[in-house]
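This report describes the overall build of one protein and then turns to a single residue and its side-chain contacts.

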Amino acid sequence: MTLHTKLKEYRAKYHMSQSDLAGLVEVRRETIGNLENGRYNPSLKLAMDIARVFETTVEELFQFTDD
């Protein structure tokens with residue numbers, strides 16, 4: 001299974017940099033970059049924190065697909 005994310009789209013919609021988002025959810029900027037590039041799977045807490053920032057659901061931001 002492969003994790004796909006809409007983080008870049010949501011960051012653009014909210015005019016937010018990786019650093020901005022990282023600061024809001026208390027992780028390093030590199031963590032956000034790794035999430036966006038599919039190199040890191042978020043913990044449930046991190047996924048929920050990010051969804052809360054964008055006022056959406058975890059399911060909207062992150063999807064697993066059979067690749």
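Predicted model: local features only at pLDDT ≥ 70, side-chain atom pairs only at ≥ 80, totals over all residues.

Of its 67 residues, 34% count as buried.

The protein carries 9 positive and 11 negative side chains, with the centres of the two sets 5 Å apart.

Five helices and two strands make up the secondary structure. Read from the N terminus, the elements follow the order β-α-α-α-α-α-β.

Along the principal axes, the C-alpha atoms occupy a box of roughly 30 × 20 × 20 Å. The radius of gyration is 11 Å, which agrees with the value near 11 Å that a compact globule of 67 residues would have.

Asp49 is part of helix H4, which spans residues 44–53. Is this residue, Asp49, buried or exposed? Asp49 has a relative accessible area of 16%; because buried means under 20%, Asp49 is classed as buried. Its side chain takes part in the polar contacts listed below with the side chains of Lys45 and Arg52.

| Side chain | Partner side chain | Polar contact distance |
|---|---|---|
| Asp49 | Lys45 | 2.6 Å |
| Asp49 | Arg52 | 3.1 Å |

Definitions and conventions: Residues numbered from 1 in each chain as written. Heavy atoms only, no water. Helix = DSSP H or I, 4+ residues; strand = E, 2+ residues; numbered from the N terminus. Buried < 20%, exposed > 50% of the residue type's maximum accessible area, 1.4 Å probe, protein only. Polar contact = N/O pair within 3.5 Å; in protein donor to acceptor, adjacent residues only side chain to side chain. Rg over C-alpha atoms; globule rule 2.2 N^0.38 Å. Lys, Arg positive; Asp, Glu negative; His and termini not counted. Charge placed at Lys NZ, Arg CZ, Asp CG, Glu CD.
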